[in-house]
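Please keep the structure in view while reading.

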Amino acid sequence: MTMKTPYIIAANWKMNKTNVECKIFVDKFKKLLLNIPRSKVIFCPPFTLLYYMKTLLADTPFECGAQNMYWEDHGAFTGEISADMISACGAQYVIIGHSERRQLFGDTDEFINQRISKALLKGLTPIICIGETLEQRNSGQTVHVLQTQLQQGLNEIKSDDISQMIFAYEPVWAIGTGVRAEPYMIQEAHESVRNVLDNMGVANVGVIPILYGGSVKSNNVKKLLEINDVNGFLIGGASLDVDELISIIRQTELKEKE
Ligand code: PGA
């Protein structure tokens, strides 16, 4: 590890679970797993569960984040959610620029930049997702894509603020496909992210958390934990199953004890 701070495990529930399903999950999660002093766990449920989940987790160290946000404060923006609304639910984090938002809902680096600025202004910690498509990887553009997404997404953001964020490298072709990236690919990508941030004048890039996301499961996390520059995981599918998520967290805790 390049850093001594805890591993971060962010559970991205995407468009899954009702309040009833959420309660069943949290009850079991709390019963089985309260004592994990070395890892930071952040649940990112749908907006409809944010307040409820934060309430259910009130007596635990587990945090909550939203999966997206709009950059305006309020007004006639049907279907959107503001940073203040997210904070008012007790959430401290917000995922910004997830590839599903980019690919299915037209999120651009410029929009992402506006979301990031507002999240910071409102005291939320952005979890910025970046990653290449298979086509981009196969044509040797991975580093260039990451660089562009970072430079445009972080345009005019203060370097002090950048050093407080969380980044997630999520190769698009590995998300929800069961095909995770090879360790050397992940290491290369995470190094590239640190280089780009360093070139942007961000201090202490070695301690900025960079998560890996894309088909992380209990049966492959051990291998992923060996990768030097990985500081945690953004987990989709596997985070919906309480036993699967707990197994991933337990393996991460064991790694930290080494
Ligand atoms: P996955 O999703 O773990 O289901 O591949 C990861 C993500 O999209 O954050």
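## Strands 7 and 8

Strand 7 (residues 210-213) and strand 8 (residues 232-235) run parallel and are joined by two bridges. The model examined here is predicted.

## The barrel

Strands of a sheet pair through backbone hydrogen bonds, and the pairing is either parallel or antiparallel. Here, eight strands form a closed barrel in the order 1-2-3-4-5-6-7-8, and their pairing is parallel. On average, neighbouring strands of this sheet are turned by 25° against each other, direction ignored.

Helix 2 (residues 47-56) lies across strand 2 (39-44) and strand 3 (63-66). Relative to strand 3, helix 2 runs at about 165°.

Rolling a probe the size of a water molecule over the atoms shows where empty space is left. With a threshold of 30 Å³ or more, the count comes to one cavity. The largest cavity holds about 40 Å³ of space.

Which residues line the largest cavity? The lining consists of Gly-97, His-98, Ser-99, Arg-102, Cys-129, Ile-130, Gly-131, Gln-149, Glu-170 and Val-172. Helix 4 (99-104) and strand 5 (125-130) are the elements that give two or more residues to this lining. Sorted by class, the lining of the largest cavity has five polar, three nonpolar and two charged residues.

Conventions
Residues are numbered from 1 along each chain as its sequence is written. This is a predicted model: local features need pLDDT of at least 70, side-chain atom pairs count only at pLDDT 80 or more; totals for chains, interfaces and linings use all residues. Side-chain values use heavy atoms; hydrogens and water are left out. Two strands pair if DSSP finds at least two bridges between them. Helices (H or I, at least four residues) and strands (E, at least two) are DSSP runs, numbered from the N terminus. Axes are lines fitted to C-alpha atoms, for helices over the stretch in contact, and angles run from 0 to 180 degrees between N-to-C directions. Contact means heavy atoms within 4.5 Å. On a 1 Å grid over the protein atoms alone, a cavity is a set of points where a 1.4 Å probe fits but cannot get out, and a pocket is an open set with protein on both sides within 12 Å along at least five of seven lines; lining residues have an atom within 4 Å of a point. Grid points are joined across faces, edges and corners, and a volume is the space filled by probe spheres set on the points. Ala, Val, Leu, Ile, Met, Phe, Trp, Tyr, Cys and Pro count as nonpolar, Asp, Glu, Lys and Arg as charged, and the others, Gly among them, as polar.
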